[in-house]
Amino acid sequence: MGEIDLRVRDCRHFGTRCGRGPTRRFAEAADYRGSESAGVATYLDSDAIALAPFPDTITYLEDDDWAVLTRKTSVIFNAQGAVAHREVVKSGGSSFLVKTANYRHFMAKEIHAQPEVVGHTLRRYVDVAAERIALPQRLPFDFNDIGRISITGCGSSSYAGYVAKYWFERLARVPVELDVASEFRYREAPLRKGDLAIFISQSGETADTLAALRYVKAQGLHTLSVVNVPTSAIARESETMLQTLAGPQIGVASTKAFTCQLMVLAALAVAAGKSRGELSDAEETRLVQRLIEIPRLMATALATEPQIEKLARDMAKCRNVVYLGRGTSFPLALEGALKLKEISCVHAEGYAAGELKHGPIALIDETMPVVVIAPYDGVFEKTVSNMQEVAARGGNIILMTDAKGAREAIVDPLVTIVLPDMPATFTPMVYDIPMQLLAYHTAVVMGTNVDQPRNLAKAVTVE
Ligand code: M6R
């Protein structure tokens with residue numbers, strides 16, 4: 001292999017695979033100038049997960065670093081052209097982690113892993129025995145001093161933030177502004193020094209989210225990130241980092257990363273409510289008990305798969321799908337529609353159910369499937385009236401609800417997916433499962449590339 005000279009902005013990691021001999025020579029070399037490692041190959045990528053099957057060690061490059069790589073050597077330079085010494089860390093990945101096991105696709109494996117990884121994440125943030133929130137670190141701010149929370153992310157991560165907006169506002173009575181990072185970084189929002197900004201990212205490398213974080217830091221806000229990759233740029237540059245324990249998210253479509261983000265955000269919202277005096281000890285316990293139930297309820301929701309697989313055969317024939325929800329089910333409608341779009345390339349739109357009559361109702365006819373996310377909660381009756389509007393125009397309703405909702409729905413849905421009974425607050429973590437399964441099986445029927453959908457990258461490290 002010839003010499004590669006590469007300026008590293010979009011590519012933050014490289015790893016070396018070591019042969020026999022001193023495996024860390026590259027890592028431990030005091031002087032990198034042309035150091036000859038025992039490595040048999042050097043790889044370069046923008047996401048450490050992509051490197052997981054290959055190297056023993058990984059080096060994380062900093063912005064504007066550049067490197068000269070050969071098969072056996074690597075030299076890193078900083079923006080000024082001086083040789084730079086960057087820490088070499090042991091690769092966390094392994095070929096075991098990046099195999100599909102008994103599943104046909106990574107996405108299927110990752111959907112089914114959720115009860116386990118959401119359970120791991122729960123135990124990081126909750127003292128299960130004491131039934132209390134127990135954050136792994138002391139926060140460097142007091143929630144009582146926070147006048148407003150700003151939440152930023154992209155794609156599914158922004159929808160996790162949207163769900164969390166409802167939680168923070170309801171449980172902690174703190175106003176929340178939710179932005180997609182690409183808008184936030186340029187819209188010159190008035191920010192108050194000392195307030196809190198939360199950044200949500202699976203990869204921790206999304207360029208817009210990282211830029212938004214840097215922008216907010218410069219304004220003197222507290223920054224807290226919810227990330228899956230603790231070595232990522234967003235994790236490293238945030239004042240506080242709360243890790244999701246989803247494990248490697250290989251499929252481009254965010255599944256377990258999304259539900260783990262929700263678990264961390266739910267725990268944080270309860271912690272905020274408690275420290276602001278909005279939740280009593282008893283209310284905290286009640287909410288924590290509900291969180292503890294989530295992994296089991298997710299496993300129950302996975303049992304809807306055969307029914308959804310059957311439904312997907314019809315969905316695959318459709319050109320457009322509408323998703324509706326109210327309250328926390330609204331951002332979930334956005335997430336369900338995104339999932340279907342990105343992996344099956346079927347056009348889908350998510351709307352707040354109450355918005356139906358303000359425009360989208362014009363789309364409804366007998367060719368239009370309408371996925372309605374409606375647990376039997378405080379806004380169920382309102383959603384039923386929206387379903388009646390859909391039914392009156394011949395739309396085919398696919399209702400995701402619980403046993404009581406199925407009984408009380410009045411309208412006659414084409415299909416009802418009955419999910420386990422649970423108290424309303426944290427339903428999105430459970431109701432996301434059928435949404436993921438529907439997108440997955442529709443894509444499988446259509447024969448699209450499930451794990452690497454066309455035109456999409458796992459981590460969007462460019463603007
Ligand atoms: O790594 P991030 O969470 O920052 O990525 C944000 C989005 O690019 C990501 O959620 C994207 O929307 C997914 N493909 C959705 O499934």
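**View 1. Phe426 is buried in this predicted model****.** The relative accessibility of Phe426 is 1%. Buried means under 20%, so Phe426 counts as buried. Trp167 also comes out at 1% relative accessibility, and therefore counts as buried.

**View 2. Seven aromatic pairs turn up in a search of the whole structure****.** One of them joins Phe141 and Phe143. Their ring centres are 5.2 Å apart. The two planes stand at 90°, so this pair is edge-to-face. Phe141 is buried, and Phe143 is buried too.

**View 3. Trp167 and Phe426 form an edge-to-face pair****.** The distance is 5.4 Å from centre to centre. The angle between the planes is 75°. Trp167 belongs to helix H5, residues 155-172. Phe426 sits in the loop between strand E19 (415-419) and helix H15 (427-446). The pair therefore ties together parts that lie 259 residues apart in sequence.

**View 4. Tyr162, Tyr166 and Phe330 form a cluster****.** Ring pairs provide the links among Tyr162, Tyr166 and Phe330.

**View 5. Helix H7 covers residues 207-218****.** H7 has 12 residues. At 1.5 Å a residue, the helix should span 16 Å. The C-alpha atoms at its ends are 17 Å apart, which agrees with that span. Gly220 follows H7, and its phi is positive, near 85°.

**View 6. The buried residues of H7 pack against strands and helices****.** The buried residues are Ala207, Asp208, Thr209, Leu210, Ala211, Ala212, Leu213 and Val216. Their strand partners are E10 (149-153), E12 (196-201) and E13 (222-227). Their helix partners are H6 (181-184) and H8 (233-237).

**View 7. The second largest cavity holds about 30 Å³ of space****.** The whole structure has two cavities of 30 Å³ or more. Rolling a probe the size of a water molecule over the atoms shows where empty space is left. Arg326, Ser329, Ile373, Ala374 and Pro375 are among the residues lining the second largest cavity. Asp377, Val379, Phe380 and Thr383 also line this cavity. By class, the lining has five nonpolar residues, two polar residues and two charged residues.

Key:
Residues are numbered from 1 along each chain as its sequence is written. This is a predicted model: local features need pLDDT of at least 70, side-chain atom pairs count only at pLDDT 80 or more; totals for chains, interfaces and linings use all residues. Side-chain values use heavy atoms; hydrogens and water are left out. Helices (H or I, at least four residues) and strands (E, at least two) are DSSP runs, numbered from the N terminus. The expected span of a helix is 1.5 Å times one less than its number of residues. Buried means under 20% relative accessible area, exposed over 50%, partly exposed in between (1.4 Å probe, protein chains only). Contact means heavy atoms within 4.5 Å. On a 1 Å grid over the protein atoms alone, a cavity is a set of points where a 1.4 Å probe fits but cannot get out, and a pocket is an open set with protein on both sides within 12 Å along at least five of seven lines; lining residues have an atom within 4 Å of a point. Grid points are joined across faces, edges and corners, and a volume is the space filled by probe spheres set on the points. Ala, Val, Leu, Ile, Met, Phe, Trp, Tyr, Cys and Pro count as nonpolar, Asp, Glu, Lys and Arg as charged, and the others, Gly among them, as polar. Rings of Phe, Tyr and Trp (its six-membered ring) pair if their centres lie within 6.5 Å; planes under 30 degrees apart count as stacked, over 60 as edge-to-face and the rest as tilted.
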